[in-house]
Amino acid sequence: MISGSLGGGGANAPDLTACDREPIRIPGSIQPHGILLALHEESLKVLQTSGNISELLGLPPPSVLEMSLGDLWDGALEQAVLARMSEYIVGKAPVYVHTLTLPRQGASHHFNVIVHRTTGALIVELEAAENAAPGTLDLYPIAEIFIERVGKLSNLTELCQVAAEEVRALTGFDRALVYQFDRDWNGNVIAEDNNGLLPSYRNHRFPASDIPRQARELYRLNRQRLIADSHGAPVPILPELNPETGLPLDLSFATLRSVSPIHIEYMRNMGTPSSMSISILYAGVLWGLISCHHHEAKRVPYPIRTACDFLAQLFSLQLAAKEQNADNAYRLHARFLEARLLGFMANEENFVDGLIDNAGELMEMVGAQGVAVVFGGKTTVVGRTPSGDHVGELVRWLASQDQEGVFSTDALAESFPVAAAYQEQTSGILSIAISELHKSYVVWFRPEVVQTVHWGGDPRKPVETPPGVTRLHPRKSFELWKEIVRGRSLPWHKSEVEAAGALRQAVIGIVLRKAEEVAELTMELERSNKELEAFSYSVSHDLRAPSRHIVGYAELLRETEGDRLTEQGRRFVDTIIESGQYAGTLVDNLLSFSQMGRYTLNLMSIDMNTLFGEVQRDVEGEADGRKIVWEIQALPSVRADLMMLRLAVRNLLSNAVKYTRNREEVRIEIGVVPAADEYIFFVRDNGIGFDMRYGDKLFGVFQRLHRMEDFEGTGIGLANVRRIVARHGGRTWAEGVVNEGATFYFALPKA
């Protein structure tokens with residue numbers, strides 16, 4: 001709304017938080033291009049109305065109060081509002097319910113009726129519409145075009161540019177900007193589509209104070225905002241207070257909510273009588289805005305605004321997918337480098353040498369240009385770093401900070417002013433403490449990156465000072481204003497800080513135990529594996545809902561739009577459903593596999609004769625009527641977890657039944673091989689078998705030796721068997737001959 005910053009002080013200094021306290025949610029008025037009614041939630045009696053209601057009804061506002069919605073217009077509108085009552089939820093977006101046509105002065109006037117619930121009232125808005133068509137739009141072709149355009153894009157700027165172009169094409173605004181908030185809530189314009197009637201702001205930055213904190217929160221909650229005409233006079237709501245609550249009407253989610261006087265002045269100074277904003281959310285946080293402007297007053301139909309909001313949500317999904325993919329790729333690479341560094345440390349008599357001698361990979365892990373390792377009173381620097389003395393004083397300062405072992409900044413001199421002397425070499429550091437007892441650190445360095453910031457006008461606030469009062473005004477100039485920013489490096493990404501923290505935990509484990517033997521390395525690698533296991537569990541868990549949504553919406557599309565789809569279109573939808581269901585199965589199996597490592601064993605004595613017998617009867621139903629000859633030896637009892645062992649046995653027997661389906665006579669043998677310190681169980685079949693050259697793949701996750709078209713499955717069953725047996729301290733292997741059969745073994749310790 002307002003921008004820049006003010007210096008100075010004194011009794012009459014302007015209060016820079018004034019905008020954050022402005023009552024933008026309860027302005028007491030609406031924009032003039034529509035009508036607003038506040039109704040009693042149960043009786044639908046009119047509690048409050050906008051002052052322009054007489055333009056529609058020819059009745060003064062006081063006479064409208066206490067009338068019901070049905071008294072004002074025919075019962076169709078009232079019934080339409082009542083039919084959607086369950087959808088009006090406090091704190092949720094408005095719902096389109098009806099298109100109202102009113103004859104007046106020899107012409108028909110059409111209104112989209114939009115309803116939402118606020119505390120103590122049901123708010124009904126009548127927004128002028130171009131025709132009597134329902135206030136909805138077929139979003140499928142819009143989404144199809146957008147997804148087709150963004151599907152092959154490689155970077156964020158291209159994605160934002162497509163969003164700006166599509167929104168401007170839909171709305172007809174002169175200019176559409178996409179800008180992203182930085183960590184200080186400045187808005188950086190990263191894409192623009194412009195017809196030339198308004199100046200370009202591409203690559204400009206707008207200060208955080210242009211959109212104060214409470215306005216940003218409102219953008220997060222209510223994703224759409226249209227200001228049709230900044231010169232239009234606001235229409236008051238009468239009476240001013242809700243007679244039921246005694247409070248002003250909360251218009252947070254009202255599409256007609258009037259505009260702050262300061263923001264009106266801001267728009268006029270900017271030369272944009274009309275504007276529209278659509279919020280872009282990422283993980284529930286306001287990531288940025290699609291901001292549109294016009295050189296004259298402009299109304300955008302409600303269906304078009306809804307379509308723009310839908311595009312913004314698709315944009316958010318694409319953004320999340322691309323950022324998650326990039327983050328996952330980085331994490332996997334960082335884990336690989338961490339494992340290599342741990343291996344290097346294990347091979348050195350002094351583990352620190354493993355870090356120093358492989359400083360290139362140490363820097364690559366977090367994208368640094370220099371690194372210092374401080375351990376045992378010795379400082380070693382590699383790459384672009386400060387001098388050894390400067391590193392020493394920096395480490396002493398780090399030791400005095402309570403940073404819980406990990407510290408990062410891209411503006412070191414702001415926290416440690418002494419560093420201003422060498423900010424060209426070092427403006428950003430990422431450090432980890434690698435000992436709980438001594439001042440030992442790994443410190444990564446990034447050099448200063450001098451930036452030229454193009455501001456959309458001088459960000460300093462002008463101040464007017466009438467006698468006895470200081471008033472804060474929005475800036476009047478939006479001409480390019482350049483600022484040279486020094487003393488900053490490229491920022492450290494969250495994943496880079498996490499990778500450093502993970503390495504810290506690994507190194508501390510070595511330091512505390514004073515050893516780098518293979519056993520210690522194994523423990524550290526096991527920790528990394530557990531983190532990867534937790535990561536796969538998190539990913540598979542989070543993917544369940546999207547895969548179900550894909551199947552659900554595709555099925556809904558087939559049911560509701562099937563008659564209008566071509567035969568090819570129906571095949572496409574069927575393929576989406578089938579693939580989505582398979583993806584869901586993969587995710588469920590991956591989730592189950594991940595949970596294996598987190599499950600606590602409940603050991604008990606298990607009669608393997610009983611267990612195999614129960615599972616045999618269960619899987620016989622999968623034989624499709626085929627005759628199976630079972631040969632089951634007498635089996636011993638073992639001590640194991642019943643639920644997990646049952647799953648392993650079921651996977652083995654189910655595979656035996658599945659891979660013998662092309663045999664007229666099926667023979668499945670279950671037995672035990674005598675051994676001194678373990679029970680070796682086997683399941684042998686006369687099925688399709690496998691080539692022993694590829695036997696190592698059998699127990700891998702998603703590894704298959706046969707085509708999906710021939711034998712269904714996800715390739716995770718045998719991986720589960722191996723993990724379950726390993727959890728019990730056992731081992732698994734297999735033998736097979738192509739077209740002759742296979743034997744799967746699992747051994748459990750007797751002790």
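Predicted model: local features only at pLDDT ≥ 70, side-chain atom pairs only at ≥ 80, totals over all residues.
**View 1. An open sheet of five strands with antiparallel pairing.** Here the strands follow the order β15-β14-β18-β17-β16, and the pairing in this open sheet is antiparallel. Because β15 (378–383) and β16 (406–409) stand at the edges and have a single partner strand each, one side of each is left without a neighbour in the sheet. Neighbouring strands of this sheet are turned by 10 degrees against each other on average, again with direction ignored. Strand β14 (residues 370–375) pairs with strand β18 (residues 441–446) in the antiparallel sense over five bridges, and the bridge partner of Val373 in β18 is Val442. Helix α13 (residues 388–400) packs on the sheet and touches β14, β15, β16, β17 (428–433) and β18, while the direction of α13 makes about 115 degrees with that of β18.

View 2. Strand β8 (residues 187–194) is largely enclosed by the rest of the structure, because seven of its eight residues are buried. Strand β7 (residues 175–181) runs antiparallel to β8 and is joined to β8 by seven bridges, and in β8 the bridge partner of Phe181 is Gly187. The hairpin of β7 and β8 has five residues between the strands, and in this hairpin Trp185 takes a positive phi near 70 degrees. Strand β9 (residues 204–206) also pairs with β8, in the antiparallel sense and over two bridges, and in β9 the bridge partner of Gly187 is Phe206.

**View 3. Buried and exposed residues of helix α5.** In helix α5 (residues 75–83), the buried residues are Leu77, Glu78, Ala80 and Val81. These residues lie on the same side of α5, because they cover an arc of only 160 degrees around the axis. Gln79 and Ala83, on the other side of α5, are exposed.

**View 4. Asn358 in the loop between α11 and α12.** Asn358 is found in the loop that lies between α11 (351–356) and α12 (359–364), and with a relative accessibility of 17% Asn358 counts as buried. A polar atom of the Asn358 side chain lies 2.8 Å from the backbone oxygen of Gly354. If residues up to four places away in sequence are not counted, Asn358 touches Leu341 and Phe344.

View 5. With a disulfide taken as a pair of cysteine sulfur atoms within 2.5 Å, the count comes to zero disulfides. For the sulfur of Cys308, the closest cysteine sulfur is in Cys292, at 6.5 Å, which is too far for a bond. Cys308 counts as buried at 0% relative accessibility, and Cys160 is buried as well, with a relative accessible area of 0%.

Methods: Residues numbered from 1 in each chain as written. Heavy atoms only, no water. Buried < 20%, exposed > 50% of the residue type's maximum accessible area, 1.4 Å probe, protein only. Helix = DSSP H or I, 4+ residues; strand = E, 2+ residues; numbered from the N terminus. Arc of directions from axis to C-beta. Pairing = 2+ DSSP bridges. Polar contact = N/O pair within 3.5 Å; in protein donor to acceptor, adjacent residues only side chain to side chain. Contact = heavy atoms within 4.5 Å. Axes fitted to C-alpha atoms, helices over the stretch in contact; angles between N-to-C directions.
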